[in-house]
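This report goes through selected backbone and packing features of the structure shown below.

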Amino acid sequence: MNIVLGVSGGIAAYKAPELVRRLQDLGAAVRVILTPNAARFVSPLSLAAVSHHGVITDQWGDPAKGGVDHIEMARWAELLLIAPATANVIAKLAVGIADDALTTYSVAHRTAIMVAPAMNWSMLQHATVVQNLATLRSRGVEIIDPESGYLAEGEEGEGRLAAIPAIVERVKMHRGTRDLEGKRVLVTAGPTREAIDPVRYLSNRSSGRMGYAIADAARRRGATVTLVSGPTSLEVPPGVDITRIDTAKEMLEAVMAKAASHQIVIKAAAVADFAPETVADRKIKKPADRGTIELSLRKNPDILASLATVHPRPFIVAFAAETDSVEKNAREKLERKGADLIVANDVSDTTIGFDSDENEVLILGRDGSSVRVERSPKLVIANRILDAVVARLG
Ligand code: PMT
């Protein structure tokens with residue numbers, strides 16, 4: 001695969017040589033275009049050395065070598081990846097301004113474009129950036145969303161360039177396997193909320209990111225995807241059919257109504273095991289005479305166990321959120337819940353799993369198989385889970 005990597009002038013430009021290397025690991029040939037501002041953060045010489053090609057920094061080309069070469073490059077390229085993409089370069093792409101080597105090339109480029117924004121969280125939320133990204137999306141440009149975390153300015157927030165393995169995974173998926181074509185996949189994601197009174201509920205820290213990543217990966221691999229989701233703030237992947245629920249009972253009803261028409265069910269949701277026995281119809285008042293109140297809980301329905309009765313029975317992937325004896329407890333859950341595969345994650349580590357961009361899992365099969373996926377972005381984990389499903393469905 002021939003990739004043109006466009007690098008624009010943000011601090012994340014220093015990651016470009018590593019990105020070139022990881023793209024080469026996919027077997028890709030990479031040629032790099034730097035904006036003049038990017039060349040302040042990363043040296044053209046480093047990128048020339050790792051890419052084994054001259055690096056373009058000037059839209060007028062090198063007169064000694066015969067001048068402008070962006071048209072020849074556009075004939076060569078199968079993908080233009082811009083990472084990092086600044087607010088400035090995103091705005092220029094949206095309106096077609098061509099005033100440096102990268103933006104001039106972008107107008108000449110004829111095949112797929114992927115853009116990985118990186119900027120301060122406040123810039124990412126600015127109306128012009130939001131609108132320009134929407135314009136690019138509407139033209140078929142794939143946006144690789146930035147991550148949340150520590151930003152160069154010393155603040156926490158969304159805007160950090162997506163992790164290099166996540167970018168590489170998107171490129172790999174672009175090259176595309178369609179091994180789930182013709183399959184219907186049902187994914188559950190996010191937390192459930194169990195009401196205590198009109199303003200309070202019991203819930204958990206699930207963000208929905210794991211389940212949404214599976215839904216996204218499955219539809220990119222050709223599946224028709226249904227998502228049953230608890231409350232999250234995530235964007236639904238395009239083309240995915242969504243049913244939103246609040247409680248475990250509503251999730252049970254939605255899953256049972258749809259499961260028989262799906263060949264694969266993947267249960268990444270963190271379903272509350274218990275719900276208040278009664279829901280107060282008014283806000284519960286603080287007792288004047290005591291420092292405690294009692295809340296009586298009843299067990300919620302086990303959705304996984306109910307799936308065993310569905311006919312025709314789908315291929316079932318369960319998750320296991322464990323804090324100790326992870327493999328042993330997950331294997332026991334796999335048997336007890338009658339699933340075909342179980343994905344175990346150690347939720348005692350707060351840097352993975354719940355409400356994190358990354359996860360680290362063990363994928364356990366009924367045949368005794370065990371595959372460890374080291375700490376990776378959730379899209380990578382999602383694809384390894386789908387690989388395990390595809391290997392078993394044949
Ligand atoms: O959403 P994120 O922030 O991305 O975090 C991802 C995650 C940590 C939530 C995810 O990776 C995960 O582990 N999901 C399962 C969480 C969980 O509820 O695990 P459990 O071990 O309690 O349940 C085992 C399985 O039974 C799960 O597939 C669960 O969906 C299912 N279950 C649980 C209770 C219930 N009443 N009905 C069920 O079907």
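## Residues with positive phi

Asp355 lies in the loop that runs between strand E17 (341-346) and strand E18 (358-365). The model is a predicted one. Asp355 is not a glycine, yet its phi is positive, at about 55°. With a relative accessible area of 42%, Asp355 counts as partly exposed, because the range between 20% and 50% carries that label.

Ser325 is another non-glycine residue with a positive phi, here about 40°. Ser325 sits in the loop between E16 and helix H13 (326-337). Its relative accessible area is 42%, so Ser325 is partly exposed. As background, most residues other than glycine have a negative phi, and most peptide bonds are trans.

## Cis peptide bonds

Ala83 and Pro84 are joined by a cis peptide bond, with omega at about -5°. Pro84 is placed within strand E3.

A cis bond also leads from His311 to Pro312, where omega is near -5°. Pro312 belongs to the loop that connects helix H12 (303-307) with strand E16 (315-322).

## The five-stranded sheet

An open sheet is built from five strands in the order E2-E1-E3-E4-E5, and their pairing is parallel. Its edges are strand E2 (29-34) and strand E5 (142-143), each of which pairs on one side only. Strands of a sheet pair through backbone hydrogen bonds, either parallel or antiparallel.

Two bridges link strand E4 (residues 112-117) to E5 in the parallel sense. Val115 has Ile143 in E5 as its bridge partner. Helix H5 packs on this sheet and touches strand E3 (79-85) as well as E4. The direction of H5 makes about 140° with that of E3. Strand E3, touched by H5, is also the strand that holds Pro84.

## Packing of H5 against H8

How are the axes of H5 and H8 arranged where the two helices pack? Helix H5 (residues 87-95) and helix H8 (residues 127-138) have axes 9 Å apart, at an angle of about 50°. H5 is therefore oblique to H8. The crossing of H5 past H8 is left-handed.

On the H5 side, the contact is made by Ala87, Ile90, Ala91, Leu93 and Ala94. H8 contributes Val129, Asn132, Leu133, Thr135 and Leu136. By class, the residues of the contact of H5 with H8 comprise eight nonpolar and two polar, with no charged residue.

## The eight-stranded sheet

Another open sheet has eight strands, ordered E12-E11-E8-E13-E16-E17-E18-E19, and its pairing is mixed. Strand E12 (241-244) and strand E19 (370-377) are the edge strands, each pairing on one side only. On average, neighbouring strands of this sheet are turned by 20° against each other, with direction ignored.

The loop with Pro312 lies between H12 and E16, and the loop with Ser325 lies between E16 and H13.

Methods:
Residues are numbered from 1 along each chain as its sequence is written. This is a predicted model: local features need pLDDT of at least 70, side-chain atom pairs count only at pLDDT 80 or more; totals for chains, interfaces and linings use all residues. Side-chain values use heavy atoms; hydrogens and water are left out. Axes are lines fitted to C-alpha atoms, for helices over the stretch in contact, and angles run from 0 to 180 degrees between N-to-C directions. Helices (H or I, at least four residues) and strands (E, at least two) are DSSP runs, numbered from the N terminus. Angles under 35 degrees count as roughly parallel, over 145 as roughly antiparallel, 65 to 115 as roughly perpendicular and the rest as oblique. A crossing is left-handed if the near helix is turned anticlockwise from the far one by less than a right angle, and right-handed if clockwise. Contact means heavy atoms within 4.5 Å. Ala, Val, Leu, Ile, Met, Phe, Trp, Tyr, Cys and Pro count as nonpolar, Asp, Glu, Lys and Arg as charged, and the others, Gly among them, as polar. Two strands pair if DSSP finds at least two bridges between them. Buried means under 20% relative accessible area, exposed over 50%, partly exposed in between (1.4 Å probe, protein chains only).
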